[in-house]
Amino acid sequence: MTGFLPREMRGDQGLVEMGTVGEIKSSEGTPGTPVTVEMEKEGNSSDHSYRRKKLGLYFMESDDRRTALGGGYTGGTTPVNIHGKPIVDLSKTGGWIAAFFIFGNEMAERMAYFGLSVNMVAFMFYVMHRPFSSSANAVNNFLGISQASSVLGGFIADAYLGRYWTIAIFTTIYLAGLTGITLCATMNIFVPNQDQCDQIALLLGNCEPAKPWQMLYLNTVLYLTGFGAAGIRPCVSSFGADQFDERSRDYKAHLDRFFNFFYLSVTTGAIVAFTAVVYIQMQHGWGSAFGALAIAMGMSNLVFFLGTPLYRHRLPGGSPLTRVAQVLVAAFRKRNASFDSSELIGLYEVPGKRSAIKGSSKIAHSDDFRCLDKAALQLKEDGPDPSPWRLCTVTQVEEVKILWKLIPIPACTIMLSLVLTEYLTLSVQQAYTLNTQLGHLKLPVTCMPVFPGLSIFLILSLYYLIFVPLSRRITGHPHGASQLQRVGIGMAVSILSVAWAAIFERYRRNYAIEHGYVASFLSAMPNLSAYWLLIQYCLIGIAEVFCIVGLLEFLYEEAPDAMRSIGSAYAALAGGLGCFAATILNNIVKSATGSDKERRESWLSQNINTGRFDYFYWLLTVLSVINFCAFLYVARRYKYRVKQEI
């Protein structure tokens, strides 16, 4: 077979003997060269067993993600212009200027996302006359679908369109959905009759409900908006990070700061949604509020397209699902093959610096999931021109391994997303019973979620002045803490947040009972300030900064080059699953703790003063602790990708 090294050459070629690893260089001229390792046949059976376990002996020619000594990009990751041609002068493209054009698009998308999340529950309740619980579940499902479907957007970007065109198309769809929601809020034909529908009638359910076709229209434009977000969210952070030069000595520092500034833009959008959009709604109505979101999205689209000449692009690598399927099929076909079944053993990889996968550098072989290595095991029966469904490159196999290894980390953040989703509804219900007066200023209840955003904004602003220098002294890490350490810190702080929420809710409920406010669950208690909620809000804001920012950077750095959008989609998928999990948990708790026959209120009763939100928060605390322990186990076992530093 072409490319195998004969036994007598092993001493001269740096082959592996008795567990010592050597890297085999393939010749440039060979069309497809396997990486070969000869193993000593001599020795007893225990030595033979030992050698079989050392699958890491089968090494490929690895260019890693950058060439050593800063000699330039390796073929697959070279930035191109919008036409797919190599960029002659990189100094005229990319960098922070290009990144700030991209920030604007994400800021508007987040503003619309949070603007809908905080206002749509109230809109469905007060205007469409839907029950509060069903309105909250409907919005949770919308939030979940818009995030979970990000995997589809990431797949389209990595496989076919690239990140730029995926953002361009889906941001237009997003704008169309927001326009449809604005029409629903401004035209009477799309809403039920509002006559003789005061607050008492709403609580008693005596208002005219929305017609089925009206709810169908609202849900259609709402989910159209969610579908638009599915294409933006997985691509924006990765596309922004693509603008920085991997050859630069400051690349890691730039990347670290980029993801912090990126989440700062997300937070800015949330703050505007919780303040300006709420103010517009109160002063000018629902149509103006949703219209403001549509206008902001249209302006951000214009800014994004104006930055087109500055952007650096990465070529899409083809369908990642197809490559994953090829590895699984090829490994299954060779499941009975043995790595030492022949005198000459090889794992297949193409020669030279370029990977067979467009948009990707080669990836070094790893010992994990050794059964998948059989997909790259080159056998005589594969023939001179094997099908990719029979023989895959080591890089292709490693892509599948990496995608699988990454799953547990974002999966552990589902719990944080669940807590955040619960806060959007539960804490607002708490705030309705509290005094929101701040000096001479009385804040509307729907503005309360702005405080987590303000805490995030403050923390990100002070991150490099306070946290990084202090933590660097403790950990010795140049950025203060590793990516997984930051995720863990965020999870730990989220536990403190829900524990405090449980403590304060118990105090608030007892206060309401003692002072005769049991039935007045929509009336504020003048002597109990809503600003006690700031403690849980600020703590969850700190948790977001560390967990989500660390997760985004972790997924971008660890994901395969040609699958970075899908890697970023993992974070959005975890967020979406958290929203779904919140709905499922709410339904389980209501079913288990409440009974209409026995007239027993559930923990999540619409009357918060007769419910037991404090028990529910303690349940979230226990689940968060269990999840944190699972994360510690997963994080300790995870091995970061080995990359060559320039």
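Author: Let us begin with helix packing: axes are lines fitted to C-alpha atoms, for helices over the stretch in contact, and angles run from 0 to 180 degrees between N-to-C directions. Helices (H or I, at least four residues) and strands (E, at least two) are DSSP runs, numbered from the N terminus. This is a predicted model, in which local features need pLDDT of at least 70 and side-chain atom pairs count only at pLDDT 80 or more, while totals for chains, interfaces and linings use all residues. Residues are numbered from 1 along each chain as its sequence is written, and side-chain values use heavy atoms, with hydrogens and water left out.

Reader: At what angle do helix H7 and helix H13 pack?

Author: Helix H7 (residues 251-284) and helix H13 (residues 450-475) pack at about 155°, and their axes lie 9 Å apart. H7 is therefore roughly antiparallel to H13; angles under 35 degrees count as roughly parallel, over 145 as roughly antiparallel, 65 to 115 as roughly perpendicular and the rest as oblique.

Reader: Which residues of H7 and H13 meet?

Author: Contact means heavy atoms within 4.5 Å. Residues of H7 including Tyr263, Leu264 and Phe274 meet residues of H13, among them Leu454, Phe457 and Tyr464. By class, this contact of H7 with H13 has 11 nonpolar, five polar and two charged residues. Here Ala, Val, Leu, Ile, Met, Phe, Trp, Tyr, Cys and Pro count as nonpolar, Asp, Glu, Lys and Arg as charged, and the others, Gly among them, as polar.

Reader: Is isoleucine 459 buried or exposed?

Author: Buried means under 20% relative accessible area, exposed over 50%, and partly exposed in between (1.4 Å probe, protein chains only). Isoleucine 459, in helix H13, has a relative accessible area of 19% and is therefore buried. Not counting residues up to four places away in sequence, isoleucine 459 touches Gly541, Ile542 and Val545. The C-alpha atoms of isoleucine 459 and glycine 541 are 8.5 Å apart, although 82 residues separate the two in sequence.

Reader: Where does threonine 433 lie?

Author: Threonine 433 is in the loop between helix H12 (414-432) and strand E3 (434-435). Threonine 433 counts as buried because its relative accessibility is 1%. Its side chain reaches the backbone oxygen of glutamine 430 at 2.8 Å.

Reader: What is the phi of phenylalanine 369?

Author: Most residues other than glycine have a negative phi. Phenylalanine 369, which is not a glycine, has a positive phi of about 45°. This residue, phenylalanine 369, is in the loop between strand E2 (346-349) and helix H10 (394-406).

Note on methods
Polar contact = N/O pair within 3.5 Å; in protein donor to acceptor, adjacent residues only side chain to side chain.
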